[in-house]
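The sequence and structure come first.

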Amino acid sequence: MPLLKLYKFSPTHTPKIVILVPTRELVVQVVEEVEKLTKYMSVRTLGIYGGVNINTQKTAVYQGIDILVGTPGRTMDLALDNVIRFDETSKLVIDEFDEMLNLGFRAQLTSVLAMMRPKRQNILFSATMTDEVDAVLNDFFDFPEEVSLAASGTPLENITQITYAVPNFNTKINLLKHLLTNNEDMSRVLIFVNNKRYPTCYTRA
């Protein structure tokens, strides 16, 4: 919202604001939110990502962009083809910076950063400040200021951690079902899994 408040209309067709996110799903989500916020503004927003026809996206780019939301790979591809230019880009936002590096997007990120004009405002969001994150900051940003909610690795207060040793996956599911059904303390629960293929677990209403 602050970026949109500072936004000034320009008749050029290249993006003034670039937002990079790690996944296609986040591109779609961010574009939807930007379009809601700019409903009464003269702003053209475009989302680009891999897995779809690049020529269709090239056509959309040629129609003009004010705010570009994209994944690092597809943004780099279109920039290398000289379809996207960053001559007018004054604001760069990178979300989930550490996750992008974990996913192996460092080469794409650094390529895009190298193509941009040096004078711009950069806003980076990262859950953790790793050595790799610091290395990219040192290479491409001048005098960055860090705003931290908490030091990396700081344990949350008032949290009790409990471990259950289970021999196999089925036992894990049965234990989870038992805890959700019988433990009254578990009224609001977050369950983290490593992929989307886990079977549906029973939960208490």
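pLDDT is the predictor's confidence in each residue, on a scale from 0 to 100. The model is predicted, and the mean pLDDT of its chain is 86.

**Confidence**
- A pLDDT of 70 or more is reached by 91% of the residues.
- Strand 3, residues 67-70, has the highest mean pLDDT among the elements of the chain, at 96.
- The lowest mean among the elements, 82, belongs to helix 7.
- Where pLDDT is low, the predicted coordinates should not be read in detail.

**Thr71**
- Thr71 sits in the loop that runs between strand 3 and helix 4 (72-80).
- Thr71 counts as buried because its relative accessible area is 7%, under the 20% cut-off.
- Beyond neighbours within four places in sequence, the contacts of Thr71 include Val21, Pro22, Thr23 and Arg24.
- Val27, Ile48, Tyr49 and Gly50 are also among the contacts of Thr71.

**Val34**
- Val34 is part of helix 2, which spans residues 24-37.
- With a relative accessible area of 9%, Val34 is buried.
- Apart from neighbours within four places in sequence, Val34 is in contact with Thr45 and Ile67.
- Arg44 is 10 residues from Val34 along the chain, and their C-alpha atoms are 9.9 Å apart.

**Surface patch**
- Ile162, Tyr164 and Val166 make a nonpolar surface patch of about 280 Å².
- Val166 is located in the loop between helix 7 (131-140) and helix 8 (169-182).
- The relative accessibility of Val166 is 31%, so Val166 counts as partly exposed.

Notes
Residues are numbered from 1 along each chain as its sequence is written. This is a predicted model: local features need pLDDT of at least 70, side-chain atom pairs count only at pLDDT 80 or more; totals for chains, interfaces and linings use all residues. Side-chain values use heavy atoms; hydrogens and water are left out. Patches are made of residues with over 30% relative accessible area and no salt bridge: like charges are joined within 9 Å, nonpolar side chains (Val, Leu, Ile, Met, Phe, Trp, Tyr) within 5 Å. Accessible areas come from the Shrake-Rupley method with a 1.4 Å probe; for residues, only the protein chains shown count as cover. A salt bridge is a side-chain nitrogen of Lys or Arg within 4 Å of a carboxyl oxygen of Asp or Glu. Helices (H or I, at least four residues) and strands (E, at least two) are DSSP runs, numbered from the N terminus. Buried means under 20% relative accessible area, exposed over 50%, partly exposed in between (1.4 Å probe, protein chains only). Contact means heavy atoms within 4.5 Å.
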